[in-house]
Amino acid sequence: MPSSLLQRFLQHHVLANLTFILVLVMGTLSYLAMPKEKDPTINFNWIQINTVLLDASAEDIEKRITQPMEEGIAKVSDIRFISSSSRESMSSILVRFEDLSERIFDKRLADLRREIQKIENTRLPEEAESPLILELTSSSAFPTATLVLQSKAYDETLRFYAQELDKEMERLSYIERVDVLGSSDPEMIVNINIERLSGLGLSPSAVAQTIQSQFKDTTAGTLNVADQQWLISIKGTSHDPEYLAQLPLQGIEHQVMLGDIAQIYSGQDKFSTKASYNGQPAIVLTVFKKDKVNTLQMIDDLRVFIAEKIG
């Protein structure tokens with residue numbers, strides 16, 4: 001700016017004050033509109049794909065899960081490298097894309113999802129669980145918040161409340177997922193009296209068939225309500241030992257209940273991880289936020305949510 005023009009501007013107090021006020025207003029509006037986060041989301045262009053096939057050996061996982069998945073994933077463009085590991089019951093594949101713009105990366109991620117869906121439908125075993133696709137960002141790789149549920153003993157009540165809290169938090173719009181540590185699934189334990197079973201001319205496989213035939217989801221038809229049609233299904237699970245004890249054994253002429261030849265009680269599956277807080281049993285819930293969610297606002301909302309649950 002020429003010195004004469006600058007001098008005239010400085011001498012024109014009204015114009016200078018108006019310019020200063022305009023800059024101040026625009027700066028304030030820009031600050032209010034600017035996203036503010038303690039830890040802003042950073043996309044690393046990494047994708048983790050986990051697939052579970054229960055009770056399969058590492059060799060089976062490699063042959064039946066990992067190799068077909070890698071062959072399909074390799075068809076997607078702009079991949080820098082693919083790394084995989086196969087262990088008992090689990091295939092883990094890490095995909096690293098090239099440094100791409102957000103728009104191109106979203107397209108490649110959509111291509112990857114379609115390719116994985118195609119592999120699942122045509123090449124993976126039916127008993128395998130659907131592949132879990134996780135985009136590794138600073139939000140999804142590191143938890144935003146950690147909640148601890150503590151009790152004097154690990155019991156069904158503690159597990160139940162942790163499970164219910166997990167379900168409710170995952171419905172919140174700002175939460176991507178919740179990982180639960182220190183919990184185990186409930187299970188029903190059936191101790192068969194072999195002498196009684198042999199006296200009836202049955203084998204343990206008959207008991208297994210009885211349980212399998214009853215503990216499965218059953219379609220119960222449809223229900224028409226107004227202009228909508230609802231599919232009704234019966235969940236074939238129960239945590240009540242008495243329910244299981246009343247199941248009639250299959251393959252025998254006269255009726256014999258499962259409880260007549262076995263002791264049935266509730267139990268817990270083996271812990272994959274254990275957690276404690278101040279020396280007492282606990283369940284830890286690690287919370288991951290969705291991309292572009294304001295971290296500070298999420299923490300405040302989460303505190304309100306927890307206060308409502310406690311209150």
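1. Basis. Residues are numbered from 1 along each chain as its sequence is written, and side-chain values use heavy atoms, with hydrogens and water left out. Because the model is predicted, local features need pLDDT of at least 70 and side-chain atom pairs pLDDT 80 or more, while totals for chains, interfaces and linings use all residues.

2. Lining elements. Helix 6 (156–170) gives at least two residues to this lining, as do strand 5 (145–150) and helix 11 (295–310). The largest share, six residues, is from helix 6.

3. Aromatic pairs. The structure has three aromatic pairs (ring centres within 6.5 Å; planes over 60 degrees apart count as edge-to-face). One of them, Phe97 with Phe105, is edge-to-face at 5.6 Å centre to centre, with 90 degrees between the planes. Phe97 and Phe105 are both buried (under 20% relative accessible area; exposed is over 50% and partly exposed in between, with a 1.4 Å probe and protein chains only).

4. Phe160 and Tyr161. This pair is also edge-to-face, at 5.8 Å and 70 degrees. Phe160 counts as partly exposed because its relative accessibility is 39%; Tyr161, at 53%, counts as exposed.

5. Charge and ring. The charged end of Arg177 sits over the ring of Phe288, 3.8 Å from the ring centre (for Arg, CZ within 6 Å of the centre and within 35 degrees of the ring normal).

Definitions and conventions. Helix = DSSP H or I, 4+ residues; strand = E, 2+ residues; numbered from the N terminus. Phe/Tyr/Trp six-rings, centres within 6.5 Å; stacked < 30°, edge-to-face > 60°.
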